[in-house]
Amino acid sequence: MLRGMSDASTTELPDGAHSDFSRDMSYGAYLRLDALLAAQSPVSDSHDEMLFIIIHQATELWMKLVIHEIRAAQAALDADEFGQVSKMLSRVARIQTQLIQSWSVLSTMTPAEYLTFRDRLGRSSGFQSHQYREIEFLLGNKRAAMVKPFEHDPPRHAHLKATLEGPSLYDSAIASLARNGLEIADTVLSRDRTRPYTSQDSVAAAWTAVYRDTEKYWRLYELAEKLVDLEDSFQQWRFRHLETVKRIIGHRRGTGGTAGVSYLQHALSHVFFPELWEIRADL
């Protein structure tokens, strides 16, 4: 027996711990752990496939929370509730830290280990992640062609199409600039939201005014920096994805048919909030 431990401490539950769940909800029931832990169904006998599945499933869970927070932040921003926006976007940045770190776990898989099950994946690919596509649309990277892989699933296709056609988080930020006394061109406020956003002079001028008088525009200034944090973290996540793919499959084509590494390199070039980066050189 370990010094200081009584017989009772090894045979009895801690004082007050509940043990009868015949009528009460348990931890496992609340989290639906039976369903969650039964959702890993490898299609091969490879030991390493379990790592691959869990990393991607965990990523999808985190992305579900990212969508939840971004949509709530956008609703708060539309109501000029800047404190709520700041809180929610800070949480998204922390989530992204977890997503970035997850690539380090996946990178423990070697090319040889991945090849033990890669052929069994068929055409399935992260390119087909509807949640990732929704996040990109919410942040403003609008490309109508990207809803095509979901035509086989009408409800999901309709949801993504509605997100494509709706305002992005940055559209809401620009509308907030206008509501708070900064001049934004009508052509920006009424633009076709199904197309990718590109830098606009009136938006750049508005953000420049915010940064040059932070005391007057403190809430907008804080919003701007939260958006910069958000994009910075997103780009780090993309970069770690690129490096992990490069490490595991090199320059092979992805299972979904994309060019793999070169496709991911091109994705890194996209900027969600261009004026917030451009004006830094002019301040």
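Modeller: Let us begin with Leu31, which is partly exposed, with a relative accessible area of 38%. This is a predicted model, in which local features need pLDDT of at least 70 and side-chain atom pairs count only at pLDDT 80 or more, while totals for chains, interfaces and linings use all residues. Residues are numbered from 1 along each chain as its sequence is written, and side-chain values use heavy atoms, with hydrogens and water left out.

Colleague: Why is Leu31 called partly exposed?

Modeller: Buried means under 20% relative accessible area, exposed means over 50%, and partly exposed lies in between (1.4 Å probe, protein chains only). Leu31 has 38%, so the residue is partly exposed.

Colleague: What makes Met25, Tyr27, Tyr30 and Leu31 a patch?

Modeller: Patches are made of residues with over 30% relative accessible area and no salt bridge; nonpolar side chains (Val, Leu, Ile, Met, Phe, Trp, Tyr) are joined within 5 Å, and like charges within 9 Å. Together these four have about 520 Å² of accessible area, by the Shrake-Rupley method with a 1.4 Å probe, where for residues only the protein chains shown count as cover.

Colleague: Why is the pair of Trp218 and Tyr221 called tilted?

Modeller: Rings of Phe, Tyr and Trp (its six-membered ring) pair if their centres lie within 6.5 Å; planes under 30 degrees apart count as stacked, over 60 as edge-to-face and the rest as tilted. By this rule the count comes to 13 aromatic pairs. The centres of Trp218 and Tyr221 are 5.2 Å apart and their planes stand at 55 degrees, so this pair is tilted. Both residues lie in helix α12 (residues 218-249), three residues apart, about one turn of the helix; helices (H or I, at least four residues) and strands (E, at least two) are DSSP runs, numbered from the N terminus.

Colleague: What is the arrangement of Phe234 and Phe272?

Modeller: Their pair is edge-to-face, with 5.1 Å from centre to centre and 85 degrees between the planes. It links distant parts of the chain, 38 residues apart: Phe234 is in helix α12, and Phe272 is in the loop between α13 (261-267) and α14 (274-278). Phe234 has a relative accessible area of 5%, so it is buried. Phe272 is at 2% and therefore also counts as buried.

Colleague: How do you know that Arg191 and Asp171 form a salt bridge?

Modeller: A salt bridge is a side-chain nitrogen of Lys or Arg within 4 Å of a carboxyl oxygen of Asp or Glu. The closest N and O atoms of Arg191 and Asp171 are 3.1 Å apart, so the pair meets the rule. Arg191 lies in the loop between α10 (186-189) and α11 (201-212) and Asp171 in helix α9 (residues 169-179), so the pair ties together parts that are 20 residues apart in sequence. Arg191, at 18% relative accessibility, counts as buried, and so does Asp171, at 10%.

Colleague: What makes Arg280 a charge over the ring of Trp277?

Modeller: A charge sits over a ring if NZ of Lys or CZ of Arg is within 6 Å of the ring centre and within 35 degrees of the ring normal. Arg280 lies over the face of Trp277, at 5.8 Å from the ring centre. The side chain of Arg280 also meets that of Glu225 in a salt bridge (2.7 Å, N to O).
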